[in-house]
Structures are given as structure tokens and as C-alpha cells.
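Colleague: Mind walking me through how to read this one? I'd like the general idea each time, then the case at hand.

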Amino acid sequence: MTDNAPRWTRSQVEGLFAKPFMDLIFDAQQVHRAHFKPNQVQVSTLLSIKTGACPEDCKYCPQSARYDTGLEKERLMEVEKVLEAAKRAKDIGSTRFCMGAAWRNPKDRDMPYIIKMIEGVRELGMETCMTLGMLTREQAMVLKQAGLDYYNHNLDTSESYYEQIITTRTYADRINTLDNVRGAGMKVCSGGIVGMGEEAQDRVGLLLALANLEQPPESVPINMLVKVPGTPMADVEDLDPFDFIRCIAVARILMPNSHVRLSAGREAMNEQMQALCFMAGANSIFYGEKLLTTGNPDAERDQLLFARLGIEPEAVAGYDDEVHTAVAMEAVAASQQSAEPELFYPAKHTTNTSVKRAS
Ligand code: SF4
């Protein structure tokens, strides 16, 4: 492969999607184990710091001012309130705090508040992530200097399906923002949404584009569309859950060093499906605060699921790992104690005698 050659070809990615389901999951799990601790999941909390009234026309998004979704719009949150939420997220074991604003792009007048938020969250010992829309090179530099670790900007879908979803900014605009984020030295969080009525080839195209970025994103959120009444996507046909899990597995294989995040849409997934997603290589979730404007399972339910599966929250390199892990484990232990005994059993000491293992 020359320096400019793409890492993956379309036919390779199509080949992965075409594999029998079990083979694909097995391969993805092997890649996962070669690059990550298999029973650790990174835990982030996402807070909407400015909600609604967005001028963009993303057809899946209840925050667009163009759709009547009944969403209450809010101004930019006060710095103090954001930091209170970050503290709460840390107390329940979250190691990264993601702040999202429904903007086309941040304005100069917003930047001093944004900078204070980044600095304050870092002082709590958490990783920081923001999603604020398109960024110029200069804005990216300012955010980096304030200490922002990650910037989220999704490709959303394939380049060929993109115009069916958004018309107010181009695919090239998105790539340009990702370049500015990289150029400033921040880590990139970029993924997409599936279940928006796209063809299988669009899921191929999305993952191919992400994996062939000059440097793949460190964090790859794979979202299942949350169909919000009032948006143009409200009645789109459901995606087969196995096709969603395939996306996770293919993302894991294409981007072996990236955290693949099971993101929006998780509330609609039962625990068995979430476990299959972890098996397919997902190793990051959002929990705690509301996931932007759509629901997210309660932190306590997630902690219970982690305990039942023997999963531990991943600590953050460069921060006080021991303290973080201790907080997270305490939260898990507390939720175990409060759980109904007949509803709860730790995965390592199963008492479910109806499940007999083949030996
Ligand atoms: S996805 Fe972001 S840019 Fe698009 S409408 Fe929603 S808030 Fe605006």
C-alpha cells in the first residue's frame, strides 16, 4: 500500500458485510481482543448545552428549526450548570463528558463560554468532547488550546445518500471540519446513523469513508435512527437489528484501534442485542444525562447490565485512573445491592440453572 492508497477497498468492505453473521461476529471479536481489553467499555455522558432552533435541515434531527417536533428550545446553558452536570456524570463513573450544541457553527460571542466549559470539565479530571457544528481552522485551534480532547462531527451516511438527508451543508464541508480538527491536534469522533432508509451499499460507503480518512477517527459512534415524530424520518422503515450489529462488527474490523460507540438508539435495544453489539466490538456507550434530545437508558440499568455481563468501565489514560475506576465500581456495587435479587445475578456466578452449558 502506498501512502495515498486507501486502507480498504469497497469490495473488501462488501465482502465483510456479506459474511455469514456468526463468522463476521467471530472475526470482529478476534480483532477486538487483539486491540482492546475484551471486557471493558468506555463510558461517556452527553449533555445538550444548547438545544433546538438549529438552522440546518438534517432530516433525522428534532433540533432542526424546520420541523415541528414540540422540542423546547433552550439558549446556551450557563457554565456553572454545565459543570454541575459534569460533576454528576463523574460521580456515576463517566470518564468523558461530551457537550453538544445545536448550531450550524459556533459564533465568536459563544467561544469564551465554551472555553470555560472545557477548562472546568478538565479540572474535574474528565476527558472533554464537544460537538458544535462546522469549525474553521482557527476555531479548532482555540478549542485545542482550551484543552478539548475530542471533537465530534459525524459523516452521517454515505456520500451518495448524503443529499437525501442534509442539503444545508455538503459532505465536503464535513470532511473539511474533520481536517481542521485533526490539523489542530484534537482527537476525532466521527460516525454515522443507520436505519435512515439507506441501501446496504450506503452503509458500506459510510464505513469505508470513515476507515479511509487519513487517520481513522479515535471514536466511531454508530447510531440507530431514533424516529422522532415531526421529522421527515418519522415513518421510515425499521432496520433489521442484525444489519445494525453487522455495522458494528464491520466498523470494528475496519478500524481496529478505534473505540466503536453504541450510540443513539440504544434505548430501543434489549439487553441481548446490546450484548451482541459488545460481542461485535462495540466498546463505548453514552449513559447518564439525556442523550442530546432523545432518551438513554438509565445509568443504573447500564450498571446492572455491565455487572451481569462482567464488563468494567474503562479508565482514562492520563487521568487519575484508580479514582475513576473506584468510583465506577462503587456505582456498580451500589446498584447490585439495590437490585431485586430474583432479577439480578452476576454473570460470573450465574444461578440461572435453566441454562445448561454444553461441555
Ligand atoms: S444534527 Fe446538528 S446540525 Fe443537523 S439539525 Fe440537528 S443540531 Fe442542527
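Modeller: Start with burial: a residue is buried if 20 or more other C-beta atoms lie within 10 Å of its own, exposed if 12 or fewer, and partly exposed in between, with C-beta atoms placed from the backbone. Helices (H or I, at least four residues) and strands (E, at least two) are DSSP runs, numbered from the N terminus. Keep in mind that this is a predicted model, where local features need pLDDT of at least 70, side-chain atom pairs count only at pLDDT 80 or more, and totals for chains, interfaces and linings use all residues. Residues are numbered from 1 along each chain as its sequence is written.

Colleague: Okay, which residues of α9 are buried?

Modeller: They are Phe244, Ile245, Arg246, Cys247, Ile248, Ala249, Val250, Ala251, Arg252, Ile253 and Leu254. That makes 11 of the 14 residues of α9, so the helix is largely enclosed by the rest of the structure.

Colleague: And what span should α9 have?

Modeller: The expected span of a helix is 1.5 Å times one less than its number of residues. For α9 (residues 241–254) that gives 20 Å, and its end C-alpha atoms are 20 Å apart, which agrees. Helix α7 (residues 171–184) also has 14 residues and reaches 20 Å from its first C-alpha to its last, close to the 20 Å expected.

Colleague: Where do the buried residues of α7 fall, seen down its axis?

Modeller: For that we use an arc, taken over the directions from the helix axis to the C-beta atoms. The buried residues of α7 are Arg174, Thr177, Leu178, Asn180 and Val181. They fall within an arc of 155°, so they line one face of the helix. The face turned away from that buried side carries the exposed residues Ala172 and Gly183.

Colleague: What about phi? Which residues stand out there?

Modeller: Most residues other than glycine have a negative phi. Alanine 53 has a positive phi of about 60° although it is not a glycine, and it lies in the loop between β1 (40–50) and α3 (79–91). Aspartate 156, in the loop between β4 (150–152) and α6 (162–165), has a positive phi near 75°.

Colleague: Is alanine 53 buried or exposed, or in between?

Modeller: Alanine 53 counts as partly exposed, because it has 14 C-beta neighbours inside 10 Å. Aspartate 156 is buried, with 24 other C-beta atoms within 10 Å.
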